[in-house]
Amino acid sequence: MTETMEPGVATPNGQSNGQSQLSLGTDAARNLATTTKTPPQMQNITSRWLLKMLPWVQVNGGAYRVNRRLSYTIGDGRVTFTNVGAEVRVVPQELRELPQLREFDDDDTLAALADRFEQQELPTDQVIVEFGNPADRLYIIAHGKVSKIGTGKYGEQTSLGTLTDGDFFGASVFTQPDVIWEFTAKTLTPCIIVSVPRQAIEQLIERSDALRTHLERVRAALSVPTNRKGEAAIDLASGHSGEPDLPGTFVDYDLAPREYPLSVTQTVLRIHTRVADLYNDPMNQMEQQLRLTVHALREAQERELINNREFGLLHNADLQQRISTVSGPPTPDDLDELVSRRRKTRFFLAHPRAIAAFGRECTGRGIYPEPVERDGRVFAGWRGVPMLPCDKIPISDTGTTSILAMRVGAKDEGVVGLHQTGIPDEIEPGLGSRFAGINEQAVISYVLSAYYSVAVLVPDALGVLENVELGR
């Protein structure tokens with residue numbers, strides 16, 4: 001069957017039916033044309049505000065030592081649980097997170113103490129302890145949120161903070177007899193808590209010489225005069241007249257200061273000599289490969305500075321500087337509490353979704369915070385502190401994240417970035433590209449290495465708002 005075409009209808013080769021081609025077709029013309037090209041694009045490049053805002057300290061010896069005054073704060077951690085179905089159990093070794101049991105090394109006694117805890121499941125708005133009653137139990141929160149409510153000067157209620165998974169109260173039962181609750185604890189959500197009565201603890205102390213000896217040392221440490229930050233006190237005299245004897249004093253130092261070794265992120269960049277020799281016009285292939293690899297290294301560097309379990313900011317924030325949201329979403333009240341725990345808060349660091357959640361809370365309250373300009377850019381902010389976006393802060397499976405607040409700079413005893421410049425074949429500060437030879441397949445190799453770390457000079461330089469819910 002013969003196919004017929006209507007006059008004027010274009011054929012697949014671009015010519016009109018029944019007419020000869022009058023000019024060069026576009027498909028053929030492209031063989032002689034040079035297209036306009038962009039450099040290779042990379043979707044994973046972010047603003048990396050943490051790297052830009054951190055002051056960087058030169059670390060010549062590969063490690064950075066943070067010397068501090070001697071502190072007698074013996075611990076304030078969070079306790080971990082295991083569960084089988086609905087039954088939860090304290091991990092015995094995790095009881096060392098209690099201040100009174102820090103450095104206690106008798107696992108058998110800790111296991112005996114863990115066996116004495118009793119589990120309770122409480123509904124919302126349930127009072128757990130009440131102000132003024134005898135403090136006769138140790139409580140640990142396995143799951144849920146608990147509000148600490150105090151009494152103001154004129155008898156009004158005032159919020160003292162929020163406790164969440166792993167937090168505890170009543171640990172004074174180990175060392176202080178006949179104390180009372182100085183606050184009321186009330187559940188904000190359905191909670192699972194475990195508790196142990198004072199009587200059971202006293203019975204265990206009587207049976208364990210090791211525990212009794214350890215608690216005596218703890219009482220002695222607690223009797224040493226300290227300032228409000230837990231550092232050894234410096235004796236001074238003020239407001240005196242005449243010629244009284246002045247107190248002698250000295251500033252004691254921590255005998256085991258923490259050292260931060262530089263971490264490294266590395267990769268081997270490979271490119272064939274044929275590509276490097278023949279395909280460098282109009283863009284140098286080696287330069288483009290190097291540029292994109294450096295971006296990937298810097299992205300990994302920022303991720304490690306936030307999430308690394310050894311030195312990352314989320315894991316190295318002091319536990320007393322970690323607070324939980326009161327109601328779930330990030331509210332102005334939560335950020336006020338976060339800012340109030342340090343001087344000179346330089347910036348917040350938050351996931352873009354957390355910044356959006358905070359904006360929704362402000363809008364719902366009829367609050368419209370003034371934008372904050374920093375380094376020529378305008379950011380959302382609160383109390384004059386900018387909120388910088390960072391998508392490296394993780395979001396949990398339950399839709400919660402964290403917001404960081406920090407003071408930066410060695411001069412202000414804040415958070416500092418650590419790197420070493422002047423390394424061989426350096427192409428950026430702290431990042432080197434070393435030629436590693438050409439193999440038998442004519443492939444050129446370069447080893448790219450970025451050296452870095454981050455240090456928190458004093459605990460209150462960094463704070464974390466935890467359990468920030470994004471779904472509300």
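Let me start at Asp425, which sits in the loop between β22 (415–419) and β23 (426–428), where helices (H or I, at least four residues) and strands (E, at least two) are DSSP runs, numbered from the N terminus. Its phi is near 55°, a positive value in a residue other than glycine, and at 43% relative accessibility Asp425 counts as partly exposed; for that term, buried means under 20% relative accessible area, exposed over 50%, and partly exposed in between, with a 1.4 Å probe and protein chains only. Asp375, in the loop between β17 (372–374) and β18 (377–379), also has a positive phi, near 55°, but Asp375 is exposed, with a relative accessible area of 56%.

Residues are numbered from 1 along each chain as its sequence is written, and side-chain values use heavy atoms, with hydrogens and water left out.

On confidence, pLDDT being the predictor's confidence in each residue, from 0 to 100, the protein averages 85, and 86% of the residues score at least 70. Strand β3 (residues 81–84) has the lowest confidence, at a mean of 70, and β16 the highest, at 96. Over residues 72–76 the pLDDT is below 50, although this stretch has 20 contacts in the model beyond near neighbours in sequence, a contact meaning heavy atoms within 4.5 Å. Where pLDDT is low, the predicted coordinates should not be read in detail.

Strand β16 also belongs to an open sheet of 6 strands, in the order β15-β26-β21-β16-β20-β19, with mixed pairing; two strands pair if DSSP finds at least two bridges between them. The edge strands are β15 (322–324) and β19 (381–382), each pairing on one side only. Helix α9 (residues 332–339) packs on this sheet, touching β15, β16, β19, β20, β21 (400–406) and β26 (462–469), and its direction makes about 160° with that of β26, where axes are lines fitted to C-alpha atoms, for helices over the stretch in contact, and angles run from 0 to 180 degrees between N-to-C directions. Within the sheet, β16 (residues 347–350) and β20 (residues 385–389) pair in the parallel sense over 3 bridges, and Leu349 has Leu388 of β20 as its bridge partner.

Turning to β12 (residues 191–197), why is this strand largely enclosed by the rest of the structure? The reason is that 6 of its 7 residues are buried. It pairs in the antiparallel sense with β5 (residues 118–122) over 5 bridges, Glu118 being the bridge partner of Ser195, and also in the antiparallel sense with β7 (residues 137–143) over 6 bridges, where Leu138 stands opposite Val196.

A polar atom of the Arg298 side chain lies 3.0 Å from the backbone oxygen of Pro429. Leaving aside neighbours within four places in sequence, Arg298 is in contact with Arg48, Leu51, Glu428, Pro429, Leu431 and Ala450. In the loop between α6 (273–278) and α7 we find Pro282, and the peptide bond from Asp281 to Pro282 is cis, with omega near 10°.

Terms used: This is a predicted model: local features need pLDDT of at least 70, side-chain atom pairs count only at pLDDT 80 or more; totals for chains, interfaces and linings use all residues. A polar contact is a pair of N or O atoms within 3.5 Å; within protein, one must be able to donate a hydrogen and the other to accept it, and residues adjacent in sequence count only if both atoms are side-chain atoms.
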